[in-house]
Amino acid sequence: MQKAVITGAFSYTGSAVTQELLRRGWQVHTLTNRATPPGCESISAAPLRFEREHIVEQLAGANLFINTYWIRIPWQGQTFDTAVDNSKLLLSAAKDAGVERVVHVSVSNAAEGTNLGYYAGKDRVESFVRSELPNYAIVCPTLVVGPNDVLSNNIAWFLRHFPFFPMPDRGDYGLQPITLDDTARIIVDAGESKENQQIDAAGPDIMSFREY
């Protein structure tokens with residue numbers, strides 16, 4: 001049985017990817033600081049500590065490493081710069097551990113948004129993956145929609161509680177949403193591929209923010 005290690009197997013995207021791996025017969029180990037939820041006892045877990053020796057040890061014997069780690073906003077001393085450093089540590093540790101294949105989950109159009117810390121950091125990590133890892137895929141999802149997705153649920157909460165809704169750029173900004181299940185499938189497909197590749201994970205429907 002092939003072994004995959006994933007960061008955040010009990011988080012939003014990570015949990016969907018983990019279920020897809022299990023459906024395909026992978027053994028899954030996760031680096032996470034969340035408690036193992038009921039029904040996930042088949043997934044072994046270790047703390048996500050940004051210490052090279054610890055990470056290399058956890059990645060030993062893995063055929064695949066999937067990195068979903070990132071931060072949404074700076075908090076508790078963590079910044080996008082520290083997120084870049086932590087990501088590089090995870091990815092280089094996978095190389096040191098001899099992991100055959102690495103999939104890094106980024107975001108669509110990171111290079112075009114480098115005036116924003118979130119996107120600039122993602123772009124820097126993508127560049128690191130391309131330059132330092134011998135066997136990789138970078139998956140760049142657009143707006144991922146599904147149960148408990150933060151953006152859509154925040155929009156819905158706002159609409160339920162207020163008689164108005166702020167529209168950035170008059171709501172004309174283009175969106176190409178993709179479902180959580182499709183995102184997970186694309187990520188695992190990338191993990192089972194042998195080619196170095198960067199993949200946009202986007203759904204078939206294009207709409208404006210107002211239409212969404």
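Is Tyr118 buried, partly exposed or exposed? Tyr118 comes out as partly exposed, at a relative accessible area of 26%, where buried means under 20%, exposed means over 50% and partly exposed is what falls in between (1.4 Å probe, protein chains only). Before going further, keep in mind that this is a predicted model, so local features need pLDDT of at least 70 and side-chain atom pairs count only at pLDDT 80 or more, while totals for chains, interfaces and linings use all residues. Residues are numbered from 1 along each chain as its sequence is written, and side-chain values use heavy atoms, with hydrogens and water left out.

Let's start with the sheet. Seven strands make up an open sheet with parallel pairing, in the order E3-E2-E1-E4-E5-E6-E10. Helices (H or I, at least four residues) and strands (E, at least two) are DSSP runs numbered from the N terminus, and two strands pair if DSSP finds at least two bridges between them. Strand E3 (44-46) and strand E10 (197-201) each have a single partner strand, so they stand at the edges with one side left without a neighbour in the sheet. From one strand to the next, the twist averages 20 degrees.

Now for the helices lying across the strands. Helix H2 (residues 52-59) lies across E1, E2, E3 and E4, at about 170 degrees to E2. Helix H6 (residues 180-192) lies across E4, E5, E6 and E10, at about 150 degrees to E5. Contact here means heavy atoms within 4.5 Å; axes are lines fitted to C-alpha atoms, for helices over the stretch in contact, and angles run from 0 to 180 degrees between N-to-C directions.

Back to the aromatics. Rings of Phe, Tyr and Trp (its six-membered ring) pair if their centres lie within 6.5 Å, and planes under 30 degrees apart count as stacked, over 60 as edge-to-face and the rest as tilted. The count comes to 11 aromatic pairs. Phe80 and Tyr118 form an edge-to-face one, 5.9 Å centre to centre with 85 degrees between the planes. That pair links helix H3 (residues 80-96) to helix H4 (residues 117-132), with Phe80 and Tyr118 38 residues apart. Phe80 is buried at 16%. Tyr118 also pairs with Tyr119: the centres are 5.5 Å apart and the planes at 65 degrees, so this pair is edge-to-face.
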